[in-house]
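Here is a colleague's note on charged side-chain pairs. Please read it beside the model.

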Amino acid sequence: MAAAGGGDYLRQFVEETSWYNEIFLSHVVPGDWWRGLSHPLQSWLRNCLGGYLIYFACGFLWCFVIYYWKRHAFIPKDSIPTVEAMKKQIIVASKAMPLYCALPTISEHMVESGWTQCFFNISEVGWALYLTYVALYLIFVELGIYWMHRELHDIKPLYKYLHTYHHIYNKENTLSPFAGLAFHPLDGILQAIPHVFALFLIPTHLRTHIALLFIEAVWTTNIHDCIHGKVWPVMGAGYHTIHHTTYRHNYGHYTVWMDWMFGTLREPEDILKKD
């Protein structure tokens, strides 16, 4: 584990993230000027450009599918957001992205410094224990994001000065895949920070941690498209759309379990019955 490893062990993490930087930045950034940056700045640049790439690729691809290619197959005509609404969401997310990406950069630095419980190879723990750790990690993250999200609503100053920026999108015709990262920067960081706290408590595979952090960007695109996938126990867009319209339900992230446990779950079918 990183916390118990010596210099040679920790060097593996630095070499790994340096390899990520080399592969990604050499293909994406013109010239070699980035090589003169310090290792943490290179990692931040890679995370930032990677974040933009995932956000725009997922957003534009999914918007093309649901609003144009399969137009009206999933979403009623009057529920399709305007281009102007999506532009505003893109601007908010684009301004916040450089600050969002400080979080994975800091988490990588903590791993490289030996401050966490991260391990380098799955073979160090075996597949059975690795899968157990992944399950514990996901449970911790699910619980952490649920309560962080709920407190961003319950603590009035946090809602007023941070989370309200995201909740201006409160109807189906204002929500889109681009709303997924349209947060105040500190709001986005707070909701993702359970991923980092988990590193201090649960032995975590570095590559798995990085992958799960960036899967967040893909997931948030999905849960803001207003399409109810009806795959239990997944906290899909049908549930999350309710959250944006009632403000008091469905704070969960990947699953409905935390809302079910703490009494804040509201099923999309309940809305349909009411209507």
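1. Basis. This is a predicted model: local features need pLDDT of at least 70, side-chain atom pairs count only at pLDDT 80 or more, and totals for chains, interfaces and linings use all residues. Residues are numbered from 1 along each chain as its sequence is written, and side-chain values use heavy atoms, with hydrogens and water left out.

2. Count. A salt bridge here is a side-chain nitrogen of Lys or Arg within 4 Å of a carboxyl oxygen of Asp or Glu. That rule gives 6 salt bridges.

3. Arg-207 and Glu-16. Their side chains form a salt bridge, N to O 2.6 Å. Arg-207 is in helix H9 (residues 206-222) and Glu-16 in helix H1 (residues 7-28), so the pair ties together parts 191 residues apart in sequence. Helices are DSSP runs of H or I, at least four residues, numbered from the N terminus. Glu-16 is buried at 8% relative accessibility; Arg-207 is partly exposed at 40%. Buried means under 20% relative accessible area, exposed over 50%, partly exposed in between (1.4 Å probe, protein chains only).

4. Glu-108 and Arg-46. The closest N and O atoms of this salt bridge are 2.8 Å apart. Glu-108 belongs to helix H4 (residues 102-112) and Arg-46 to helix H2, so parts 62 residues apart in sequence are tied together. Glu-108 is buried at 3%, and Arg-46 is buried at 7%.

5. Glu-22 and Arg-35. This salt bridge has its closest N and O atoms 2.6 Å apart. Glu-22 is partly exposed at 31%; Arg-35 is partly exposed at 39%. A network of salt bridges links Glu-22, Asp-32 and Arg-35.

Definitions and conventions: Helices (H or I, at least four residues) and strands (E, at least two) are DSSP runs, numbered from the N terminus.
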